[in-house]
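Here are some notes to read alongside the model, written for someone meeting it for the first time. Take them in order, with the structure open beside you.

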There are 2 protein chains.
Amino acid sequence: MWLRDDRPRRGAPPLTRERIVGEAVALLDDEGVGRLTMRRLAERLGTGSTTLYWHVETKDDVLELALDAVFGDVAVPEGGAGWRADVIDLMSGWRRAMLDHPWSAAVLGGRPLLGPNVLARTDFLYATLASTGLAGTRLAAAAYAVANYVIGSALMQVGAESHAGSAAAGHLARSRDLYPALAEHGHLDAGDWDAAFAQGLDHLLDGIGAAGS
Amino acid sequence: MWLRDDRPRRGAPPLTRERIVGEAVALLDDEGVGRLTMRRLAERLGTGSTTLYWHVETKDDVLELALDAVFGDVAVPEGGAGWRADVIDLMSGWRRAMLDHPWSAAVLGGRPLLGPNVLARTDFLYATLASTGLAGTRLAAAAYAVANYVIGSALMQVGAESHAGSAAAGHLARSRDLYPALAEHGHLDAGDWDAAFAQGLDHLLDGIGAAGS
DNA sequence: ACGTCTCCTCGTACAGTGTTCGATTATCCG
DNA sequence: CGGATAATCGAACACTGTACGAGGAGACGT
């Protein structure tokens, strides 16, 4: 997908890959991943559905492009505020982007993240973490740990919230005796997601900081 | 889904929910999530496709059940080896289960994890982490952090490996100047996933241990 | 023995899906 | 103006999840 070639052809056509992706994001935001259809997408763009296949190889391409577009909204910090603040900054934005587009969690699975927007932010993460003293494989592992944590967090939160207000709470309460520890300390579903995310990230960065110096 | 009722009826029928789920897992392992079809699944079971809908409400139910079945393979440690070893033990098994069934990463997205197998293991995680001194919301956040990390790790690894041997490496090399830090320290794709996972988990547990005491 | 009821199976059908293919138009270069 | 090339489109195909209603099989009360 990211290997293909899409240089602008002659005479800017009214239908571009950018327009397709933009409308796809809007459609996904409006109706969710289950309702994204080539025909529906084309309708919103005022074209025939098969026309899309001239600009895009497959529906999966649209999803991949839309996903990377979401990460394009993540602000890359200016840097210089100290590695820890910069990482927290970047990762909070990353998480917010995923929460603002909940379908991104479903699209993420089993797919390599190779879009330019993702790579640019990953690169910043590497560069920032390098100033802890980590390097090479150990740096890569630390960067992956942070990225995996934020992605997992957003994923789980989206999943839990998709169930909000349902009978899940009652279900958990009913099986109180089956899951005693869970019942005692409270499932996170009703809790403060932001604080939990910040705390977990703190733990992880504590560990990384200790390892780096 | 987990709220519904499936007590055994009169006279054990040859087609049970368990058999359906078992065959679904086998089919997913064999051919991947894109090839799971009600008709194909029914064929492997020797029944008509619409018969499945008597045992299962929707195709999504099959996926959810299959997903929880995967987590049923995760061994719950005996406990008593110390909280840290126990957590590492549980989480390594969790990760291995997801890597052994790569489709699970794709199924996970945007879905709440409420299956009994997941809950039982989450409960163990809570109970084990409680012995660090954490409790209440702070315990829940720590548990979520660990779970999110392992899920994110498996997710990313599956995604990266699904691309193995493709032109991705060449693509990254070609954009060396765009992503300098990434190029310098090496992407993880070719690296040692197991070691990276262990190191990241170490970092996280270091941070949690320091907070708990 | 018989009707009845409940569990379970299945064939048919429908509305929709992603994608292919060939024909058709629009737009530029020489 | 001719012709190549960029872009659009309609029709068609194989396949999807699922609703619906018709049936079969065995247990039960009488």
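1. Let us start with two helices of chain A. The axes of α1 (residues 17–31) and α2 (residues 38–45) come within 10 Å and cross at roughly 110 degrees. Axes here are lines fitted to C-alpha atoms, for helices over the stretch in contact, and angles run from 0 to 180 degrees between N-to-C directions. α1(A) and α2(A) are therefore roughly perpendicular to each other; angles of 65 to 115 degrees count as such, under 35 as roughly parallel, over 145 as roughly antiparallel and the rest as oblique.

2. A word on the model and its labels. This is a predicted model, in which local features need pLDDT of at least 70 and side-chain atom pairs count only at pLDDT 80 or more, while totals for chains, interfaces and linings use all residues. Residues are numbered from 1 along each chain as its sequence is written, and chains are lettered from A and ligands numbered from 1 in the order in which they are written.

3. On α1(A), the contact uses A:R19, A:I20, A:E23, A:A24 and A:L27, and on α2(A) it uses A:R40, A:L41, A:R44 and A:L45. Residues are in contact if their C-beta atoms, placed from the backbone, lie within 7 Å. By class, five of these residues are nonpolar, none polar and four charged (Ala, Val, Leu, Ile, Met, Phe, Trp, Tyr, Cys and Pro count as nonpolar, Asp, Glu, Lys and Arg as charged, and the others, Gly among them, as polar).

4. How many helices and strands does chain A have? Chain A has 11 helices and zero strands; helices (H or I, at least four residues) and strands (E, at least two) are DSSP runs, numbered from the N terminus. Of its 213 residues, 43% are buried, meaning that 20 or more other C-beta atoms lie within 10 Å of a residue's own, against 12 or fewer for exposed and in between for partly exposed.

5. A second pair is worth a look. α5(A) and α8(A) pack with their axes 9 Å apart, at an angle of about 30 degrees, and that makes α5(A) roughly parallel to α8(A). Their crossing is right-handed. Among the residues that meet are A:M91 and A:W94 from α5(A) and A:V150 and A:A154 from α8(A). The contact divides into nine nonpolar residues, two polar and one charged.

6. Now find A:L201, in helix α11 (residues 193–212) of chain A. Is A:L201 buried or exposed? It counts as buried because it has 23 C-beta neighbours inside 10 Å. Beyond its neighbours within four places in sequence, A:L201 is in contact with A:I88, A:M91 and A:Y149. A:M91 is 110 residues away from A:L201 in sequence, yet their C-alpha atoms are 9.0 Å apart.

7. Buried residues of α11(A) also include A:F197, A:L204 and A:I208. What covers the buried residues of this helix includes α5 and α8 of chain A, together with α8 and α11 of chain B.

8. Finally, the two chains: 61 residues of chain B are in contact with 62 residues of chain A. On the chain B side, α8(B) gives the largest share, 19 residues. That side has 37 nonpolar, 19 polar and five charged residues.

Technical notes:
A crossing is left-handed if the near helix is turned anticlockwise from the far one by less than a right angle, and right-handed if clockwise.
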